Amino acid sequence: MKTALFFMLLLLPLGKAAAQTSESDKLITIEETRLKALVDGDIDLAASLHADNFELINPVGETLTKQQYLGGIEKGEIDYKVFEPISKIRVRISGNLAVLRYKSNIEITVGGNALPLRAHWHTDIYENIEGSWKIIWSQATVIE
């Protein structure tokens, strides 16, 4: 039901005056949906929100492709317990690109190693590909 509502939101027409705000709101909804899909292990939904050429720079500086990242979640090698924004998600849009920046709390198990709840900064780049916003790059930094 939530997935259907999410996709219905993506199809709403935009008026010119409200386009920027509506697109920002749409991107925030997409990001919140993406985070929930990662925690829930909903690989099909997560895959639909990540571009095929997606790359993540994780907090230890490793680069993961879409296949490595989502494959790790699917196999249980990456297991998000908590991944939630703790600040306003700020959005900047220019043409077909959008930048999202926010703080989050993440609790995760990676390769069997449980990492406690910690705050992170996130910078995510989305691209509008054939009418759909998809995340293309993401970088997370631990807040010490």
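This is a predicted model: local features need pLDDT of at least 70, side-chain atom pairs count only at pLDDT 80 or more; totals for chains, interfaces and linings use all residues.

Q: How many helices and strands does the protein chain have, and in what order do they run?

A: There are four helices and seven strands. From the N terminus on, the order is α-α-α-β-β-α-β-β-β-β-β.

Q: How do I read a pocket, and how much space lies in the largest one?

A: Picture a 1 Å grid over the protein atoms alone: a pocket is an open set of points where a 1.4 Å probe fits, with protein on both sides within 12 Å along at least five of seven lines, and lining residues have an atom within 4 Å of a point. Points are joined across faces, edges and corners, and the volume is the space filled by probe spheres set on them. Here the largest pocket holds about 530 Å³. It has 24 lining residues, and N58, P59, I108, V110 and L115 are the closest to its centre.

Q: Which elements supply at least two residues of that lining?

A: They are α2 (19–40), α4 (66–75), β3 (78–85), β5 (97–110), β6 and β7 (132–142). The largest share, five residues, comes from β6.

Q: What is the lining of the largest pocket like by class?

A: Count Ala, Val, Leu, Ile, Met, Phe, Trp, Tyr, Cys and Pro as nonpolar, Asp, Glu, Lys and Arg as charged, and the others, Gly among them, as polar. On that scheme, the lining of the largest pocket has 16 nonpolar, five polar and three charged residues.

Q: Let's zoom in on N58. Is it buried or exposed?

A: Buried means under 20% relative accessible area, exposed over 50%, partly exposed in between (1.4 Å probe, protein chains only). N58 has a relative accessible area of 12%, so it counts as buried. You'll find N58 in the loop between β1 (50–57) and β2 (63–65). Across the whole chain of 144 residues, 37% count as buried.

Q: Which side chain does N58 pair with in a polar contact?

A: A polar contact is a pair of N or O atoms within 3.5 Å; within protein, one must be able to donate a hydrogen and the other to accept it, and residues adjacent in sequence count only if both atoms are side-chain atoms. For N58, the partner is the side chain of E62, at 2.9 Å.

Q: Now D124. Where does it sit, and what does it touch?

A: D124 belongs to strand β6 (residues 113–129), and its relative accessible area is 0%, so it is buried. Contact means heavy atoms within 4.5 Å.

Q: Is R34 buried or exposed, and which side chain does R34 meet in a polar contact?

A: R34 lies in helix α2, and with a relative accessible area of 2% it is buried. The side chain of R34 makes a polar contact of 2.9 Å with the side chain of E31. Beyond its neighbours within four places in sequence, R34 is in contact with residues including D124, Y126 and S138.

How values were computed:
Residues are numbered from 1 along each chain as its sequence is written. Side-chain values use heavy atoms; hydrogens and water are left out.
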